[in-house]
Amino acid sequence: MEINANTVTINGVEYVEKSKASEQAPLKDGMKYVIVRTYSAGVFAGYLESRTGTEVVLRNARRIWYWSGAASLSQLATDGTSNPKDCKFPCEVSRVELLNAIEILDVTEKAKKSIASVKVWEQ
């Protein structure tokens, strides 16, 4: 068992203090970390640079091609994945312009760390 000021790790599972679990992921250059679902391009996680109507620009973005260990995108944005080995998130791109965004979810610090922990999926 490993203990630090904000988390406890037991048998390889990290537990976060309840009050910390819902904290918004830290801003990067004033941009918040979000998950965006589009009408036809899929789902992406990254830093929200801008939004104009349904057009969204993300920085340092990963496509969320397939996820496991979360019942919905809402849970993925809040809790992250409990099954990162079965997720398929390709490499990060420096910038993506998404059209027809239909959902933008704020991501907690806990979920951001979880998304970042998913190994890059490639074929």
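A: Start with one residue and its contacts. Leaving aside neighbours within four places in sequence, Ser114 is in contact with Gly80 and Thr81. Keep in mind that this is a predicted model.

Q: Where does Ser114 lie, and is Ser114 buried or exposed?
A: Ser114 lies in helix α3. For burial, look at the relative accessible area: under 20% means buried. Ser114 has 10%, so Ser114 is buried.

Q: What does helix α3 lie across?
A: Helix α3 covers residues 109-117. This helix lies across β4 (33-38), β5 and β6, and runs at about 70 degrees to β4.

Q: Let me step back. How many helices and strands does the protein chain have?
A: There are three helices and eight strands. Next, read along the sequence. The pattern is β-β-β-α-β-β-β-α-β-β-α.

Q: In what order do the five strands of the open sheet come?
A: Order in a sheet is read from strand to neighbouring strand. Here the order is β7-β6-β5-β4-β8, and the pairing is antiparallel. Now look at the edges. β7 (93-98) and β8 (101-106) each have a single partner strand, so one side of each is left without a neighbour in the sheet. Neighbouring strands of this sheet are turned by 45 degrees against each other on average, direction ignored.

Q: How many bridges join β5 and β6?
A: Seven bridges. Strand β5 spans residues 43-52, strand β6 spans residues 55-63, and they pair in the antiparallel sense. You can follow a bridge residue by residue. Take Ser50: the bridge partner in β6 is Val57.

Q: How many salt bridges does the structure hold?
A: Five. To find one, check the distance from a side-chain nitrogen of Lys or Arg to a carboxyl oxygen of Asp or Glu; within 4 Å counts. Glu103 and Arg37 pass, at 2.8 Å from N to O. Glu103 lies in strand β8 and Arg37 in strand β4, so this pair ties together parts that are 66 residues apart in sequence. Glu103 is partly exposed at 21% relative accessibility. Arg37 is also partly exposed, at 34%.

Q: Which residue forms a salt bridge with Arg59?
A: Glu49, with the closest N and O atoms 2.6 Å apart. Arg59 sits in strand β6 and Glu49 in strand β5, ten residues apart. Check accessibility again. Arg59 has 28% and is partly exposed. Glu49 has 36% and is partly exposed.

Q: Where do Glu109 and Lys113 lie, and how far apart are they in the chain?
A: Both are in helix α3, four residues apart, which means about one helical turn separates them. Lys113 is exposed, with a relative accessible area of 51%.

Q: How many aromatic pairs are there?
A: Two. For such a pair, read two values: the distance between ring centres and the angle between ring planes. Tyr33 and Tyr47 are 5.0 Å apart centre to centre, with 75 degrees between the planes, and the pair is edge-to-face. Tyr33 is in strand β4 and Tyr47 in strand β5, 14 residues apart. Tyr33 is buried at 6% relative accessibility. Tyr47 is buried too, at 9%.

A: Now compare the tryptophan pair. The ring centres of Trp65 and Trp121 are 4.8 Å apart and the planes are at 20 degrees, so this pair is stacked. Trp65 lies in the loop between β6 and α2 (73-79), and Trp121 in the segment after α3, so the pair ties together parts 56 residues apart in sequence. Trp65 is partly exposed at 49%. Trp121 is partly exposed at 25%.

Q: What share of the 123 residues counts as buried?
A: The share is 34%.

Conventions. Residues are numbered from 1 along each chain as its sequence is written. This is a predicted model: local features need pLDDT of at least 70, side-chain atom pairs count only at pLDDT 80 or more; totals for chains, interfaces and linings use all residues. Side-chain values use heavy atoms; hydrogens and water are left out. Two strands pair if DSSP finds at least two bridges between them. Helices (H or I, at least four residues) and strands (E, at least two) are DSSP runs, numbered from the N terminus. Axes are lines fitted to C-alpha atoms, for helices over the stretch in contact, and angles run from 0 to 180 degrees between N-to-C directions. Contact means heavy atoms within 4.5 Å. Buried means under 20% relative accessible area, exposed over 50%, partly exposed in between (1.4 Å probe, protein chains only). Rings of Phe, Tyr and Trp (its six-membered ring) pair if their centres lie within 6.5 Å; planes under 30 degrees apart count as stacked, over 60 as edge-to-face and the rest as tilted.
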